[in-house]
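Subject: Structure handover

Hello,

Here is the structure I said I would pass on. My notes on it follow below.

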Amino acid sequence: MNSSVAVEWKAVCKVSDVLPGTGVGVRLPAGQAALFCTRNGQFYALDNMDPFSHANVLSRGILGSIGDRKVVASPIYKQHFDLETGQCIEDETVSLNVYPVRVEGDVIEVAMSAAH
Amino acid sequence: MAKQQLLLIGHGMVGQRYLESLVAQGGRDQFDVTVLCEEPLPAYDRVGLTSYFSGKTADDLSLVPQGFFEEHGITLKLKTRADSIDRAAKTVTTNTGETLAYDKLVLATGSYPFVPPIPGNDRDNCFVYRTIDDLDAMIAASKGGKVGAVVGGGLLGLEAAKALHDLGLETHVVEFAPRLMAVQVDDFGGGLLKDKIQELGVTVHTSTGTQEIIDGESCKHRMVFGEDKHLETDLIVFSAGIRPQDALGRACELELGERGGIVVNDHCVTSDEDVYAIGEVALWNGRIFGLVAPGYQMAEIAAEHLMGKAEKAFQGADMSTKLKLMGVDVASIGDAHGNTPGCRSTVFMDQTAGIYKKAVVSECGKKLLGAVLVGDAADYGNLLQLCLNEMDLPGDPAALVAPVSDGAPLLGADALPDTAQICSCNNVSKGDLCAAIDGGCMTVGDLKACTNAAGTCGGCAALVKQVLDSELEKRGVEVNNHVCEHFPYSREEIYHLVRVGQITTFDQLLEKHGSGDGCDICKPTVANVLASCWNDWVLNKPHAGLQDTNDYFMGNMQRDGTYSIVPRVAGGEITPDKLIVLGEVAKKYDLYTKITGGQRVDLFGARVDQLPEIWKILVEAGFETGHAYGKSVRTVKSCVGSTWCRYGVKDSVGTAIQIEERYKGLRSPHKLKFAVSGCTRECAEAQSKDVGVIATEKGWNLYVCGNGGMRPRHADLFASDLSDEELIKYTDRFLMFYIKTADRLQRTSVWMENLEGGLDYLKDVIINDSLGIGEELEAQMKHIIGTYQCEWKTAIEDKEAVKRFKHFVNDDANDDNLQYVRERGQRRPAYEHERIETVQEA
């Protein structure tokens, strides 16, 4: 990670716009992300494109946990992706970009580019 | 080299098995095969003949796989009887005047019913019980009569009595011997059986011989038993045993036994090396085998011998049997009468409960030689294995028949050797089951599909389950049916926890009974159970995140992430006006349009943001959601029935609509499909549905647990001639019992196959209310029906909910990744190779 480059944040919606336990699609300058709110109120963002179907649908996956890992399941072919790392659980060669998320007051901000 | 001619005379159960065995060994490469069948129908399940009276059709009973003769190039000549055999010329002459040459001949002519030489036995309305033609004649004769009598109280005689009873006749059984089923059971067992059968309304006359049959006064016939004893009856069925159908062999001077039967060696070869005899016509070691299992063995051995493989030899067969006669369990094992010198018997009898059990044990007290069970034959499998494998008894012989107080099984499946035959109908050994388990079978249903074990009479189902459980455990497979890692419970247990604990949300359930955050397995399952119990709106906030995307957006997600829309078209009936609305919507939004298999219209390619506006139009036009996306009731398909059809006997469309309106929206462990046919032509294909209804002149026949798809299964006849009210009552109970007890994503067919006791058990629960839960199930269904709402109507009226139908939370734009290609006048998503690269924004 190049720490000298400051993260550019984009305000996307209010906290109340994302129901705990669900996700929403987010439009970023570089493309699409899926923003999730877990049942405990933590936010995560990953690529919205499902690498197995090439459809922009991951925001519509079901959230959950496998062991200690928090995951989202693709609604198309049901592969799981780690919310923290973007790693696909079923196929170690596949992983998604992860976008840092922060909450400023009642506004959710997503980083404009993925973490490296 | 020219092929040799193989001629098979007789196409019954054993004949068909012979052909299958021959084909499996490549016999068609060496032989041209011709089959002569005297009956007008190819081989059918003669053992299951009685079920013809309870609604099974000749097609249901057929044993010939579709296209079998065409596929294997075998010539079948129906209604063709062999009249004579010329062994010197090697030809067979038929009743149709043909002369057929053979190189090898197989006789599978079976047996014929013995009719006692009673004067008057050839009067009108005197029948035998052997073929479908016989049954049709009995059914025709029963229509004009009140009373029926069966001569013979053996196994077949009692089957025939059940048939007469089912036909609504006052039924009598006349048996010459002092007890029923004289061959299989002893005096006590026979006495108890007689009591039980009389309780069911059949009068049994034992130690009674018929002297003559003359004109009756109140009925057509009078059977005269003695000077002052007689019975008036309208029809008579002779079922006094069978005799080998050996006339052909006798006429061409094959070696016969003293009391008939064509003598065969261990490979089923007769005294002429080019002629085989198999099944009930064959006499081996002085014995005729009147059961189908040994007949099947002979068929396989004879086919192998013909192909030059002679490793297997017929070594006789175990004649143990277990059956249900008029609802009474009866079983007989080995030396049931205790004829072995020095043997001893242990007997348990409970006349109040109607149970009799006898075990015959060797002189040393260590081995089981035989047994009789009446009223409760649950131990049959265990006792048979002890007997056949000559195993040392696990303890005191009295324990074999004493009522089990702690419910412990007598014998673990573990103790059985691999050679132990578990299913005698289909000759499946424990070793075969183990191999199938190694091959991946995990359930009784899998094993049934893979090995055919428990596939014929079902008598071994409990034992198959025991073997499965113990083998899975041995392989370190934890036999658990937990939904997932978050809930150590099966779906059935979760349903119970939700109901009993009055749990209304996933979070409550997780807190009380689970761990972790849940996942894409347990969340939809729990959402589904909550809907089945309380029927809340699926998009209520606590439930929204549990739903699979299809349920969340109330459409079916397609491969590009857009959805398809299927409005409900109950019974497949739609007005032209409503059809036009569908067309207009499809046109406006450029939706790919296709007719579904469930008689509805599927509109593809709607984006999430379009769904609410499309549904607003549909709801205003009077459409409701079709739940094509849910694990729920889908469609009730119907034929047009008496509304228009000149053959329709009832209003199938009206009933289909009524059923669909009643159960629409019902969430269930898997999708549910229904159909209603207006006559027995069955144009709605109801027998391939979870619930199928077919109109008869007397009411509705209800079929259950069928499905199409990957593993198609014909539905089973559940009940006949039902009134409208009965039909709804049984269907209510059936559906709620399925919802209550099935596993996740388990279709009704697999569910039923895995219920211990199968269809009979299900009938008991639903029709006889054996668990006493009938009313409760009906009340639960009433609640679901009373709380129905169209999910889409609720959604478009809820502003908060509509807001969720957006592709981006922070932009009104749509997904820019969607690309379409036009094909046959409509659009479809582009395949990967057809896509045009879009310019990536920096």
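In this predicted model, 30 residues of chain A are in contact with 25 residues of chain B. On the chain B side, the helices α16 (541–544) and α17 (549–553) each supply at least two of the residues that touch chain A. By class, that side of chain B consists of 10 charged, 8 polar and 7 nonpolar residues.

Helix α10 (residues 430–438) of chain B packs against helix α12 (residues 461–474) of chain B, with the axes 10 Å apart and an angle of about 50° between them. The crossing of α10(B) past α12(B) is right-handed.

The residues that make this contact are as follows:

- from α10(B): Lys430(B), Leu433(B), Cys434(B) and Ile437(B)
- from α12(B): Val464(B), Val467(B), Leu468(B), Glu471(B) and Leu472(B)

Sorted by class, the contact between α10(B) and α12(B) holds 7 nonpolar and 2 charged residues, with no polar ones.

On confidence, chain A has a mean pLDDT of 91, and 95% of its residues reach 70 or more. Among the elements of chain A, the highest mean pLDDT is 97, for strand β4 (residues 43–47) of chain A. The lowest is 94, for strand β1 (residues 9–14) of chain A.

Regards

Terms used
Residues numbered from 1 in each chain as written. Chains lettered and ligands numbered in written order. Predicted model: local features only at pLDDT ≥ 70, side-chain atom pairs only at ≥ 80, totals over all residues. Contact = placed C-beta atoms within 7 Å. Helix = DSSP H or I, 4+ residues; strand = E, 2+ residues; numbered from the N terminus. Nonpolar A, V, L, I, M, F, W, Y, C, P; charged D, E, K, R; others polar. pLDDT = per-residue confidence, 0-100. Axes fitted to C-alpha atoms, helices over the stretch in contact; angles between N-to-C directions. Left-handed = near helix turned anticlockwise from the far one by under 90°.
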